[in-house]
Amino acid sequence: MTKNELLSKMSEAIVAGDRAAAEALAADAVAGGFDLLEVIERGYVPGIQKVGDLWEQGEYFLPELISSAEAMKAAMARLDPELKRRNIGSHMAGRVVIGTVEGDIHDIGKNLVASMLQAGGFEVHDLGADVALERFIEKAEEVGAALICLSALLTLGLLRDRGLRDKYKVLVGGAPASRKWAEEIGADGYAENAVAAVKLAKSLTGRA
């Protein structure tokens, strides 16, 4: 298989939400000694971008979005160990800490956003559900995150109290949230779905 054929098949696997194919193609790339950053940027990323376009056009719905995000996640899981072995940084868009805040145990939407952010090139640190606010800050400081992404119910007072508000971009989302509410609490942005969240994250980190 030529490089161009491989890249084309990678994109097709993501658009189709074919997790097995996406992972197998990643394994082929590793075994073939291909440039793995090129594989990601010219193979998988165009696929996930196409998925986002189809979502916005109303041709793809939540099941397709989830399947494609999982296919991308599987491919990256196969590539990451080899990237680390070769001492190559795979995530170029920045680091993100994500979770649902204490009292919020619903994480389906958060999981999708986390997968889409990873597919979009971010290094994602997912803290899970029902997470204390202090933990978000601790993790962001630990990994040097650029973004903190949370479900609703957050107040930004804790960041301000620690003198860290200007250090991070804070994105909020979730069913109880709205753009108006995000503005009222002083968040840096609100996204109503996973595709919008990735675009906003890239915009805020200068990667759009």
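Residues count as buried under 20% relative accessible area, as exposed over 50%, and as partly exposed in between (1.4 Å probe, protein chains only). Helices (H or I, at least four residues) and strands (E, at least two) are DSSP runs, numbered from the N terminus. The model is a predicted one, in which local features need pLDDT of at least 70, side-chain atom pairs count only at pLDDT 80 or more, and totals for chains, interfaces and linings use all residues. Residues are numbered from 1 along each chain as its sequence is written, and side-chain values use heavy atoms, with hydrogens and water left out.

In helix H9 (residues 194–204), the buried residues are Ala194, Val195, Ala197, Val198, Leu200, Ala201 and Lys202. An α-helix has 3.6 residues a turn, so residues three or four places apart point the same way. Ala196 also belongs to H9. With a relative accessible area of 26%, Ala196 is partly exposed. The C-alpha atoms of Ala196 and Gly52 lie 8.8 Å apart, although 144 residues separate the two in sequence.

The cover over the buried residues of H9 comes from both helices and strands. Contact here means heavy atoms within 4.5 Å. Among the covering helices are H3 (36–56), H4 (62–85) and H5 (108–119). The covering strands include E3 (147–151), E4 (169–173) and E5 (189–190).

Both ends of H9 have local features. Gly206 follows H9 and has a positive phi, near 75°.

The chain as a whole has nine helices and five strands. Their order along the sequence is α-α-α-α-β-α-β-α-β-α-β-α-β-α. For 208 residues, a compact globule would have a radius of gyration near 17 Å; the chain has 17 Å, which agrees. This radius is taken over C-alpha atoms, and the globule rule is 2.2 Å times the number of residues to the power 0.38. The C-alpha trace spans about 55 × 40 × 30 Å along its principal axes.

Of the 208 residues, 47% are buried. Contacts between residues at least 6 apart in sequence were also examined: 64% of them join residues at least 24 apart. The accessible surface amounts to about 10,200 Å², and carbon and sulfur atoms hold 50% of that surface. Accessible areas come from the Shrake-Rupley method with a 1.4 Å probe; for residues, only the protein chains shown count as cover.

Thr100 sits between strand E1 (95–99) and H5. Its relative accessible area is 1%, so Thr100 is buried. Asp130 lies in the loop between strand E2 (123–126) and helix H6 (133–143). Asp130 is partly exposed, at 40% relative accessibility. Its phi is positive, about 60°, although Asp130 is not a glycine. The side chain of Thr100 reaches the backbone nitrogen of Asp130 at 3.1 Å. Leaving aside residues up to four places away in sequence, Thr100 touches His106, Asp107, Lys110, Gly128, Ala129, Asp130, Val131, Phe136 and Ser151.

Leu54 lies in H3 and is buried, with a relative accessible area of 8%. Not counting residues up to four places away in sequence, Leu54 touches Val15, Glu59 and Tyr60. Leu54 and Glu23 are 31 residues apart in sequence, and their C-alpha atoms are 22 Å apart. Glu38 is likewise found in H3. Glu38 and Leu7 are 31 residues apart in sequence, with a C-alpha separation of 8.9 Å. Beyond residues up to four places away in sequence, Glu38 touches Lys3, Leu7 and Gly43.

Ser115 is placed in helix H5. At 4% relative accessibility, Ser115 is buried. Its contacts, not counting residues up to four places away in sequence, are Ala69, Glu70 and Lys73.

Terms used: A polar contact is a pair of N or O atoms within 3.5 Å; within protein, one must be able to donate a hydrogen and the other to accept it, and residues adjacent in sequence count only if both atoms are side-chain atoms.
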